[in-house]
Amino acid sequence: MKTRTFRFAALLLSILLLASSVVIAQGKSTDNKLNEKPGNNKQKEKPSPKTILFNGKDLKDWVLYLKDSSVDPSTVFTVKDGVINIKGDPFGYIRTKKKYSDYALHVEWRYPSELSNSGVFIHVQEPDTIWPRCIENQLKAGNAGDYVLMNGASIKEQTDQAKRVIPKMAASNEKAAGEWNSIDITCKGNTIETKVNGLLQNKGTGLNVTEGSICLQSEGKTVEFRNVYLTKLKK
């Protein structure tokens, strides 16, 4: 009899402990909900997907342009091992077939053997010409981060209309020949911001061109590009 009484008491105690745990858990859940701030339960917005401009295989999404029309562009602009190789001579560029606005653009470049000259053009207007209407993000060795205002493009920071170059903010932070550099260009509305190897080098406001193609330039000697993509920004 005593054994049965003991077992019953133990079972009753277990039930009471379980019930207490459930009540405490429910109370904590209620407290957490009361402490939540409005909007905290909203799902986080997913980041915008990348738009790959260079597929690592070919230049089918680009227009190839050279100043000297007698030269076959395919001999100047080539692709190998996921890298765009541009000879630099004759002058010209490859241009995205599509036009873009409000984006964060990422480009990596290097001069494989000898420091030289090139550029990333943004908001490029047609028709194709050796100096199209656009804003060049300078990649010339020692000057990466300068803006060059081409063929009527302008920004508020151009205090002297006779000078087309808006110098970079800081000393050159480019890497040696053979090493890869990165340039990140953020275009939103009529503004532009440029970082070279992660360092803010230039900013512009009041751009009179805010949409267009993107170009990688042939100007000088061999330059290579890789990882060319952008992320769309909300207007």
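Does Trp-131 count as buried, exposed or partly exposed, and what is its relative accessibility? At 38%, Trp-131 falls in the partly exposed class. Keep in mind that this is a predicted model.

## The ring pair around Trp-131

Trp-131 has a partner in Phe-91: the two rings make an edge-to-face aromatic pair, with 6.4 Å from centre to centre and 70° between the planes. Phe-91 is partly exposed too, with a relative accessible area of 32%.

In total, the structure has 3 aromatic pairs. Ring pairs also join Tyr-65, Tyr-93 and Phe-121 into a cluster. There's a charge-over-ring contact as well: the charged end of Lys-50 sits over the ring of Tyr-229, 4.3 Å from the ring centre.

## The sheet

Now for the strands. Seven of them make an open sheet, in the order E2-E5-E14-E7-E8-E9-E10, with antiparallel pairing. The edges are strand E2 (62-66) and strand E10 (165-166), each of which pairs on one side only.

Zooming in on one pairing, strand E8 (residues 134-138) runs antiparallel to strand E9 (residues 147-150), and 4 bridges connect them. In that pairing, Asn-137 faces Tyr-147 of E9.

## Salt bridges around Arg-95

The salt bridge count is 6. A network of them links Arg-95, Lys-99, Glu-126 and Asp-128. Let's start with Arg-95 and Glu-126, whose side chains form a salt bridge at 3.6 Å, N to O. Glu-126 is in the loop between strand E7 (119-124) and E8, while Arg-95 is in strand E5 (residues 92-96), so this pair ties together parts 31 residues apart in sequence.

Arg-95 also bridges to Asp-128, this time at 2.8 Å, N to O. Asp-128 is in the loop between E7 and E8 and Arg-95 in strand E5, so the tie is between parts 33 residues apart in sequence. How do the accessibilities look? Arg-95 is buried, at 5% relative accessibility. Glu-126 is partly exposed at 44%, and Asp-128 is partly exposed at 25%.

## Arg-110 and Glu-224

Another salt bridge joins Arg-110 to Glu-224, with the closest N and O atoms 2.8 Å apart. Arg-110 is in strand E6 (residues 103-110) and Glu-224 in strand E15 (residues 223-232), so the pair ties together parts that are 114 residues apart in sequence.

Which of these two is buried? Glu-224 is, at 12% relative accessibility. Arg-110 is partly exposed, with a relative accessible area of 23%.

Nonpolar side chains tend to be buried together in soluble globular proteins. Here, the largest nonpolar core has 39 residues, and the members touching the most others are Leu-105, Trp-109, Val-120, Ile-122, Ile-135, Leu-216 and Phe-225. Apart from that core there's another, with 7 residues, including Tyr-93, Phe-121, Val-124 and Met-150.

What does Trp-109 touch, leaving out residues up to four places away in sequence? Its contacts include Leu-139, Ala-144, Trp-180, Ile-183, Val-196, Val-223 and Phe-225. Glu-179, Asn-181 and Ser-182 are also among them, and so is Glu-224, the residue that forms a salt bridge with Arg-110.

Methods: Residues are numbered from 1 along each chain as its sequence is written. This is a predicted model: local features need pLDDT of at least 70, side-chain atom pairs count only at pLDDT 80 or more; totals for chains, interfaces and linings use all residues. Side-chain values use heavy atoms; hydrogens and water are left out. Two strands pair if DSSP finds at least two bridges between them. Helices (H or I, at least four residues) and strands (E, at least two) are DSSP runs, numbered from the N terminus. A nonpolar core is a set of buried Ala, Val, Leu, Ile, Met, Phe, Trp, Tyr and Cys residues joined through side-chain atoms within 4.5 Å. Buried means under 20% relative accessible area, exposed over 50%, partly exposed in between (1.4 Å probe, protein chains only). Contact means heavy atoms within 4.5 Å. A salt bridge is a side-chain nitrogen of Lys or Arg within 4 Å of a carboxyl oxygen of Asp or Glu. Rings of Phe, Tyr and Trp (its six-membered ring) pair if their centres lie within 6.5 Å; planes under 30 degrees apart count as stacked, over 60 as edge-to-face and the rest as tilted. A charge sits over a ring if NZ of Lys or CZ of Arg is within 6 Å of the ring centre and within 35 degrees of the ring normal.
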